[in-house]
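Colleague: I am new to reading protein models, and I would like to learn by asking about one feature at a time. Could we go through this one together?

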Amino acid sequence: MRQALACEDCGQQQAGGLCEACGYRRRTEAAIVEAGLVAATWSADLTDPGDVAAVSAEVRATMEREIADARAEYLRRARAERAARETGTAAAVPNPAPLQASA
Ligand SMILES: [Zn+2]
């Protein structure tokens, strides 16, 4: 049964071989590579592999920064919503988990 397979990227159980989050991550990675190549066809000297790599790297850096910003914003909102829910219903948690240090 395929559904019983763990995610091969993060090991989550019952993920059918690839969980939803890792599936999106893989598609994002593929999109970043593709966007870099598309940008290179417009702006790089295609006979110069170094130039193509430089354009791809620049596109990747830009996209990864924007993805990181979007994710931080999403997590900030999710945390705020969860905090609002918890203070509204459950008893106060004595020691809330510390914010994760950014890597
Ligand atoms: Zn996964």
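This is a predicted model: local features need pLDDT of at least 70, side-chain atom pairs count only at pLDDT 80 or more; totals for chains, interfaces and linings use all residues.

Colleague: Is Ala44 buried or exposed?

Modeller: To judge this, count the other C-beta atoms around the residue; 20 or more within 10 Å make it buried. Ala44 has 20 other C-beta atoms within 10 Å, so it is buried.

Colleague: Which residues is Ala44 in contact with, once neighbours within four places in sequence are left aside?

Modeller: They are Asp51, Val52 and Val55. Take Val55: it is 11 residues away from Ala44 along the chain, while their C-alpha atoms are separated by 6.6 Å.

Colleague: What share of the chain is buried?

Modeller: Buried residues account for 6% of the 103 residues.

Colleague: How far does α2 reach from end to end?

Modeller: Here you compare the span in the model with the span expected at 1.5 Å a residue. Helix α2 covers residues 49-88 and reaches 57 Å from its first C-alpha to its last, close to the expected 58 Å.

Colleague: How should I describe the way two helices pack?

Modeller: Two packed helices are described by the angle between their axes and by the distance between those axes. In this model, α1 and α2 pack at about 135 degrees, and their axes are 8 Å apart. Angles over 145 degrees would count as roughly antiparallel, and 65 to 115 as roughly perpendicular. The two helices are therefore oblique to each other. Their crossing is right-handed.

Colleague: Which residues make the contact between α1 and α2?

Modeller: On the α1 side they are Thr28, Ile32, Ala35, Gly36, Leu37, Ala39, Ala40 and Ser43. On the α2 side you will find Val52, Val55, Ser56, Val59, Arg60, Met63 and Ile67. Sorted by class, this contact has 10 nonpolar, 4 polar and 1 charged residues.

Colleague: Let us move to the start of the chain. Where does Cys10 lie, and which residues is Cys10 in contact with beyond its neighbours within four places in sequence?

Modeller: Cys10 is in the segment before α1. Beyond those close neighbours in sequence, Cys10 is in contact with Cys19 and Cys22. Cys10 has 12 C-beta neighbours inside 10 Å, so it counts as exposed. Ala21 is 11 residues from Cys10 along the chain, and the C-alpha atoms of the two are separated by 9.3 Å.

Colleague: What about Asp9: which residues is it in contact with, leaving aside neighbours within four places in sequence?

Modeller: Asp9 is in contact with Leu18 and Cys22. Asp9 too is in the segment before α1. With 15 other C-beta atoms within 10 Å, Asp9 is partly exposed. From Asp9 to Cys19 the C-alpha distance is 8.1 Å, at 10 residues apart in sequence. Gly23, found in helix α1, is 14 residues from Asp9 in sequence and 9.0 Å from it in space, C-alpha to C-alpha.

Colleague: One last feature, the backbone angle phi. What is phi of Gln14 near?

Modeller: The general idea is that most residues other than glycine have a negative phi. Gln14 has a phi near 55 degrees, a positive value in a residue other than glycine. You can look for Gln14 in the segment before α1. It has 11 other C-beta atoms within 10 Å, so Gln14 is exposed.

Key. Residues are numbered from 1 along each chain as its sequence is written. The expected span of a helix is 1.5 Å times one less than its number of residues. Axes are lines fitted to C-alpha atoms, for helices over the stretch in contact, and angles run from 0 to 180 degrees between N-to-C directions. Angles under 35 degrees count as roughly parallel, over 145 as roughly antiparallel, 65 to 115 as roughly perpendicular and the rest as oblique. A crossing is left-handed if the near helix is turned anticlockwise from the far one by less than a right angle, and right-handed if clockwise. Two residues are in contact if their C-beta atoms, placed from the backbone, lie within 7 Å. Ala, Val, Leu, Ile, Met, Phe, Trp, Tyr, Cys and Pro count as nonpolar, Asp, Glu, Lys and Arg as charged, and the others, Gly among them, as polar.
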